[in-house]
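Good morning, colleagues. I would like to take you through one model today, beginning with the overall fold and ending with a few charged side chains.

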Amino acid sequence: MNALLALLASVLWGTSDFGGGLMSRRVHPSAAVLISQALALVLLLAVLPLRHVPGGSYLLVGAAAGVIATLSLAAFYRAMVSAPLSLVAPITASGTCIPVITGLLRGEHLHLLQAAGVVVTLAGIVLASGPEWRSGVPVRRQALGYAILASAGFGVAYTLLALAARTDVYGTLLAQRISGIAVLGPIVAGAGILRGIRLSLRRLAALAAIGVSDIAANGSYALAASRGDLAVAAVLASLYPVVTALLARGILAERLRPVQSAGVIAALCGVVLLST
């Protein structure tokens with residue numbers, strides 16, 4: 001069950017990132033993050049009267065995860081503005097090493113097949129994302145910098161998210177979303193980004209779908225990581241670049257190169273090993 005929840009998180013994150021990348025070409029990346037996350041917060045708050053949120057230090061951990069994740073997401077979207085969707089995905093996937101190492105340091109033990117699954121899956125993710133290393137265009141070097149920052153940020157954020165969710169998943173998600181918006185909101189407002197934004201009902205609906213997909217992915221991952229092994233859940237949830245690449249292939253007609261096809265196969269084999 002935990003493996004399925006982690007895989008669901010990867011599907012939702014991959015879908016959200018794909019949609020976010022497309023919207024960031026029409027709406028400023030930071031504005032896209034802020035609006036989509038604000039709409040997701042509205043959904044969370046609608047559930048609040050039906051839930052009891054216990055107090056505790058986990059809320060501060062969840063809030064820290066929100067700040068780091070939101071700024072990392074903004075950097076991720078910014079990277080995708082000046083580069084193909086497949087450029088930054090393999091770089092951000094490397095951030096998965098942070099929760100994996102954290103899980104192992106906390107005493108989690110992987111048997112031989114699972115350890116092999118971690119290696120095979122991560123290699124598959126990088127290959128399936130279709131890394132582009134040969135370009136020397138300045139814009140792409142800038143995108144590379146944003147992607148590296150997003151990678152480290154995602155790794156730290158999702159480690160903190162998993163640790164906080166061991167106390168209460170809903171409270172963690174609520175603290176995460178509120179803190180993220182509280183940090184990004186003044187930055188976007190101060191830069192005057194929202195003044196030139198034109199939002200049709202269609203764009204609002206798309207941003208809402210992106211935000212809901214992201215928060216649902218966070219919740220699915222938090223459940224998987226808090227109930228089972230953090231290392232395994234983190235690797236399975238990190239398959240989102242594969243989902244993004246496949247969506248780009250199906251919707252944008254981006255052709256999968258042989259190395260990407262091999263990566264998809266490797267990632268699927270890794271999932272089988274991790275699930276044993």
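Read along the sequence, the pattern of the protein is α-α-α-α-α-α-α-α-α-α-α-α. The secondary structure comes to 12 helices and zero strands. The radius of gyration is 18 Å, close to the 19 Å that the globule rule gives for 276 residues, so the protein is as compact as a globular protein of that length. Please keep in mind that this is a predicted model. Along its principal axes, the C-alpha trace spans about 50 × 50 × 30 Å. Of the 276 residues, 51% are buried. Among contacts with a separation of 6 or more, 92% are between residues 24 or more positions apart.

Let me turn to helix 2, residues 29-47. At 1.5 Å a residue, its 19 residues should span 27 Å, and the end C-alpha atoms are 28 Å apart, which agrees. The buried residues of helix 2 include Val33, Leu34, Ile35, Leu41 and Leu44, and also the polar Ser30, Ser36 and Gln37. Which elements cover these buried residues? Helix 3 (58-81), helix 8 (169-190) and helix 9 (201-227) are among them.

Next, the charged pairs. The count comes to two salt bridges. In one of them, Arg51 pairs with Asp168, with the closest N and O atoms 3.7 Å apart. Arg51 lies in the loop between helix 2 and helix 3, and Asp168 in the loop between helix 7 (138-165) and helix 8, so this pair ties together parts that are 117 residues apart in sequence. Arg51 counts as partly exposed, at 39% relative accessibility, whereas Asp168, at 11%, counts as buried.

Arg177 forms a salt bridge with Asp214, and here the closest N and O atoms are 3.2 Å apart. Since Arg177 lies in helix 8 and Asp214 in helix 9, the pair ties together parts that are 37 residues apart in sequence. Both Arg177 and Asp214 are buried.

Finally, I would draw your attention to Glu108, in the loop between helix 5 (97-105) and helix 6 (112-128). Glu108 is buried yet has no salt bridge; the nearest side chain of opposite charge, Arg166, is 4.2 Å away.

Conventions. Residues numbered from 1 in each chain as written. Predicted model: local features only at pLDDT ≥ 70, side-chain atom pairs only at ≥ 80, totals over all residues. Heavy atoms only, no water. Helix = DSSP H or I, 4+ residues; strand = E, 2+ residues; numbered from the N terminus. Buried < 20%, exposed > 50% of the residue type's maximum accessible area, 1.4 Å probe, protein only. Lys, Arg positive; Asp, Glu negative; His and termini not counted. Salt bridge = Lys/Arg side-chain N within 4 Å of Asp/Glu carboxyl O. Expected span 1.5 Å × (residues − 1). Contact = heavy atoms within 4.5 Å. Rg over C-alpha atoms; globule rule 2.2 N^0.38 Å.
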